[in-house]
Amino acid sequence: MTTYRTHSCGALRRTHAGQTVFLQGWVHRVRDLGGVTFFDIRDRHGLTQVVARAGDALTQAGKLRPECVVAVTGTVDIRDGAATNTKIATGEIEVVATHIELLNDAKTPPFSINEDTAVSEETRLRYRYLDLRRPALQRNLILRHQVSIAARKYFDSEGFLEIETPILTKSTPEGARDYLVPSRVHKGEFFALPQSPQIFKQILMIAGMDRYFQICRCFRDEDLRADRQPEFTQIDVEVSFATEELIYTIVEGAIVAMWQAAGHTVLTPFPRMSYADAMRRYGSDKPDLRPGMEIGDVSDLFRESAFPVFKDAVTAGGVVRGFVVKGAAAYSRKELDGLTDQAKQLGAGGLVWVRLAQGTLQSSALKAAGEAPLRAAFKACGGTEGDLLLLTSGEAMQVATWLGSLRLVVARKEGLLKGDDFRFVWVTEFPLFEWNPDEKRWDSMHHPFTSPQPDDAALLETNPGQVRARAYDLALNGSEIAGGSIRIHQPAVQRHAFRLLGISDEQAAARFGFFLEALEYGTPPHGGIAFGLDRIVAILCEESSIREVMAFPKTAQAVDLMAGSPSTVDDRQLRELHISTTGK
């Protein structure tokens with residue numbers, strides 16, 4: 001067999017009736033009706049029904065089984081009206097086979113390809129090449145391709161150059177752990193796989209490249225979650241002479257292009273809020289705006305309250321905050337008790353509920369707090385007839401975190417988190433530093449190359465914790481899908497930032513010497529951002545895990561079950577790399 005197919009398995013329509021065609025693909029399912037055999041042939045483009053009625057074609061069809069590879073020659077025929085399959089694009093036709101060739105047989109798969117049955121993730125990853133034959137995963141990878149192409153075209157149209165940066169680079173141990181690669185030529189020395197191209201893209205700005213982008217692989221040796229993998233893909237962007245407004249405009253244009261490639265319309269500009277406002281109003285630095293339920297602060301209403309829990313919290317410098325669930329006054333006591341338990345599991349000391357039903361105010365704290373402050377709090381948070389208010393108290397950041405998490409629990413219960421409802425928001429003015437109590441030093445909230453807000457520069461010496469960064473994240477539906485900043489471009493400021501992070505001049509020279517030297521040669525102001533491509537595609541595919549939009553992901557234990565990696569290597573390889581191992 002040397003002929004290439006005339007059509008894919010998803011291409012044939014009524015207009016092809018009477019044509020002789022040649023198809024190649026996998027047998028999807030077989031139906032032997034005695035004297036006539038139907039089977040579906042499949043490739044990534046779709047399915048076509050084939051019928052074998054007589055002669056050698058019928059004999060060969062009787063030997064077929066799911067997942068074997070076949071070539072079919074036949075004539076396109078229009079199906080009878082009752083036999084039309086409206087669920088597939090080729091459902092109005094079938095191919096009457098005149099010749100069938102078995103190109104390769106197949107073992108019985110460990111799970112069904114032609115049915116959407118539940119399969120353990122371990123089995124799916126062990127046999128990923130079979131899992132990838134399933135239409136849902138193929139659709140995800142096709143969409144990923146379309147989104148990536150749209151991003152490339154957009155950045156090219158905006159004057160960006162796609163430039164590759166090194167995969168084997170220098171270890172700069174900040175943030176997550178590096179993956180290290182031993183050097184055979186230089187005994188005892190190591191390369192590192194890049195956690196991001198951060199330093200190199202800044203050097204490209206120093207080199208005068210002006211506008212850079214790259215769809216690049218990054219590597220982080222960190223504990224995994226549903227939206228984390230040891231190797232992942234980001235769309236990396238850097239711009240010389242950038243301002244925040246320029247970055248916002250560029251990014252929003254890219255989002256419009258990527259979402260359009262996935263069949264969605266996005267309206268710009270996106271709303272913006274400061275980090276402080278996001279934490280206060282939504283209890284998260286990546287707020288999900290879909291459910292509404294904005295958190296309100298009613299601390300002043302309980303400053304002189306008879307309710308000691310709330311009064312004591314406010315007196316101690318804490319807050320009383322809550323949010324309204326519209327139309328939830330009908331919750332049963334069992335449901336309310338369940339929410340209280342959820343709040344306690346999240347860390348809250350307790351939960352007070354207030355509801356207004358048929359004009360009557362009811363509350364779990366009615367006797368202790370009195371009706372007046374509770375009614376005032378209910379109104380202040382936007383409650384009306386038929387609504388439910390949930391309140392808790394404590395230190396401000398803790399309360400924000402508790403209510404932010406509880407808000408999403410309620411939103412899921414209420415069915416308010418629609419996958420195709422895209423709510424973008426820019427979160428800005430993050431703290432430049434956060435205190436690390438274990439190591440008793442400051443850490444960068446983003447990374448050490450982020451510029452401080454000019455108005456806060458004086459605080460670097462006196463109160464680093466109050467310094468705001470020129471950093472910005474783009475959040476979508478509770479996920480951070482892009483993050484970036486305006487960078488430090490002056491070498492003295494960069495060295496000072498390192499010192500504040502506990503990195504001495506000697507350590508900075510050892511880790512970042514080549515970069516600090518580059519800054520001395522006329523560095524333009526610049527800024528950029530990185531999009532999480534895996535997260536973006538997962539959201540567009542309405543998948544909860546990025547593993548569902550990656551061809552060959554690792555497990556939560558960073559293991560490739562299909563290839564069997566990581567694995568041991570033979571002693572000769574270790575000797576060449578000047579490495580010995582201990583333990584297992």
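Helices (H or I, at least four residues) and strands (E, at least two) are DSSP runs, numbered from the N terminus. In this structure, helix α14 spans residues 491-500 and is followed by Gly502, whose phi is positive, near 80°. The model is predicted, with local features requiring pLDDT of at least 70 and side-chain atom pairs counted only at pLDDT 80 or more, while totals for chains, interfaces and linings use all residues. Residues are numbered from 1 along each chain as its sequence is written, and side-chain values use heavy atoms, leaving out hydrogens and water.

Within α14, the buried residues are Pro491, Gln494, Ala497, Phe498 and Leu500, where buried means under 20% relative accessible area, exposed over 50%, and partly exposed in between (1.4 Å probe, protein chains only). Among the elements that cover these buried residues are β18 (433-436), β19 (441-444), α13 (459-462) and α15 (505-519).

A nonpolar core is a set of buried Ala, Val, Leu, Ile, Met, Phe, Trp, Tyr and Cys residues joined through side-chain atoms within 4.5 Å. The largest one has 44 residues, of which Phe155, Ile255, Met258, Trp259, Phe424 and Phe531 touch the most other members. Helix α6 (residues 244-261) supplies the largest share of this core, nine residues. A second, separate core of 30 residues includes Ala278, Val427, Ala475 and Ala508. Leaving aside residues up to four places away in sequence, Trp259 touches His264, Val266, Phe422, Phe424, Leu476, Ile481, Ile536 and Leu540, with contact taken as heavy atoms within 4.5 Å.

Turning to the strands, two of them pair if DSSP finds at least two bridges between them. Eight strands form an open sheet of mixed pairing, in the order β6-β9-β10-β22-β21-β20-β17-β11. Its edge strands, β6 (161-162) and β11 (272-274), each pair on one side only. Further pairings involve β5 (residues 93-104), which runs parallel to β3 and antiparallel to β4.

| Strands | Bridges and sense | Facing residues |
|---|---|---|
| β3 (residues 46-52) and β5 | two, parallel | Val51 and Val96 |
| β4 (residues 69-78) and β5 | 10, antiparallel | Thr73 and His99 |

On the surface, Ile167, Leu168 and Phe191 form a nonpolar patch with about 250 Å² of accessible area together. Of these residues, Phe191 lies in strand β8 (residues 190-193) and is partly exposed, with a relative accessible area of 32%.

Methods
Patches are made of residues with over 30% relative accessible area and no salt bridge: like charges are joined within 9 Å, nonpolar side chains (Val, Leu, Ile, Met, Phe, Trp, Tyr) within 5 Å. Accessible areas come from the Shrake-Rupley method with a 1.4 Å probe; for residues, only the protein chains shown count as cover. A salt bridge is a side-chain nitrogen of Lys or Arg within 4 Å of a carboxyl oxygen of Asp or Glu.
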